[in-house]
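Trainee: I have a model open on my screen and would like to learn how to read it. Could you walk me through it, one feature at a time?

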Amino acid sequence: QVQLVESGGGLVQPGGSLRLSCAASGSIFSIYAMGWYRQAPGKQCELVAGIVIAGTTHSADYADSVKGRFTISRDNAKNTAYLQMNSLSPEDTATYYCYLIDPSGQQIWGQGTQVTVSS
């Protein structure tokens with residue numbers, strides 16, 4: 001059984017940076033994609049960033065609201081994905097949920113990590 005453990009959330013001032021990590025453990029044979037959604041109070045759940053792994057090629061995609069500020073990456077050896085978040089604003093305040101999709105299409109979720117951007 002695959003589990004995802006998230007870390008890296010917290011409180012940061014506007015304009016600051018945070019890096020989220022999502023480590024996959026368990027019976028991992030291969031990974032098709034990883035990424036993050038976020039959920040803010042009173043707002044719809046939003047796909048923030050995702051990275052698709054196809055052999056040695058990685059293809060990343062971002063929500064328009066974070067393009068140019070967030071960068072997703074993955075360490076294959078560690079089965080870990082990272083979300084580098086720069087130039088954070090209060091609008092980025094949300095609970096961030098990591099996900100993993102295996103080649104069969106099964107989607108697994110992390111426990112969520114809170115990101116609060118406030119002065």
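Trainee: Let's begin with salt bridges. Which residue meets Asp 92 in a salt bridge?

Mentor: Side chains of opposite charge can pair when their charged atoms come close. The cut-off used here is a side-chain nitrogen of Lys or Arg within 4 Å of a carboxyl oxygen of Asp or Glu. In this predicted model, the side chain of Asp 92 meets that of Arg 38, at 2.9 Å from N to O. The pair links distant parts of the chain: Asp 92 sits in the loop between β8 and β9 and Arg 38 in strand β4, 54 residues apart. Strands are DSSP runs (E, at least two residues), while helices are runs of H or I with at least four, and both are numbered from the N terminus.

Trainee: Is Asp 92 buried or exposed?

Mentor: Buried means under 20% relative accessible area, exposed means over 50%, and partly exposed lies in between (1.4 Å probe, protein chains only). Asp 92 counts as buried because its relative accessibility is 1%. Arg 38, at 7%, is buried as well.

Trainee: How many salt bridges does a search of the whole structure find?

Mentor: The search finds four. Arg 38 also pairs with Glu 46, at 2.8 Å from N to O, and Glu 46 is partly exposed, with a relative accessible area of 25%. Another bridge joins Asp 64 and Lys 67 at 3.2 Å. Asp 64 is exposed at 65%, and Lys 67 is partly exposed at 46%. Bridges that share partners join Arg 38, Glu 46, Arg 69 and Asp 92 into one network.

Trainee: Now the aromatic rings, please. How many aromatic pairs are there?

Mentor: A pair of aromatic rings is described by the distance of the centres and the angle of the planes. Rings of Phe, Tyr and Trp (its six-membered ring) pair if their centres lie within 6.5 Å; planes under 30 degrees apart count as stacked, over 60 as edge-to-face and the rest as tilted. The whole structure holds three such pairs. In one of them, Tyr 37 and Trp 109 have ring centres 5.4 Å apart and planes at 55°, so this pair is tilted. Tyr 37 lies in strand β4 (residues 33-39) and Trp 109 in strand β10 (residues 107-109), 72 residues apart. Both are partly exposed, Tyr 37 at 23% and Trp 109 at 42%. Together with Tyr 99, these two residues form one aromatic cluster.

Trainee: And what about the nonpolar core: which residues touch the most other members?

Mentor: In soluble globular proteins, nonpolar side chains tend to be buried together. A core here is a set of buried Ala, Val, Leu, Ile, Met, Phe, Trp, Tyr and Cys residues joined through side-chain atoms within 4.5 Å. The largest one has 30 residues, and Met 34, Trp 36, Leu 83, Met 85 and Tyr 96 touch the most other members. Elements giving two or more residues to this core include β3 (18-25), β8 (80-85) and β9 (94-101). Taking contact as heavy atoms within 4.5 Å, Leu 83 touches Trp 36, Val 48, Phe 70 and Tyr 96, among others, not counting residues up to four places away in sequence.

Trainee: What should I keep in mind about numbering and confidence?

Mentor: Residues are numbered from 1 along each chain as its sequence is written. In this predicted model, local features need pLDDT of at least 70 and side-chain atom pairs count only at pLDDT 80 or more, whereas totals for chains, interfaces and linings use all residues, and side-chain values use heavy atoms, with hydrogens and water left out.
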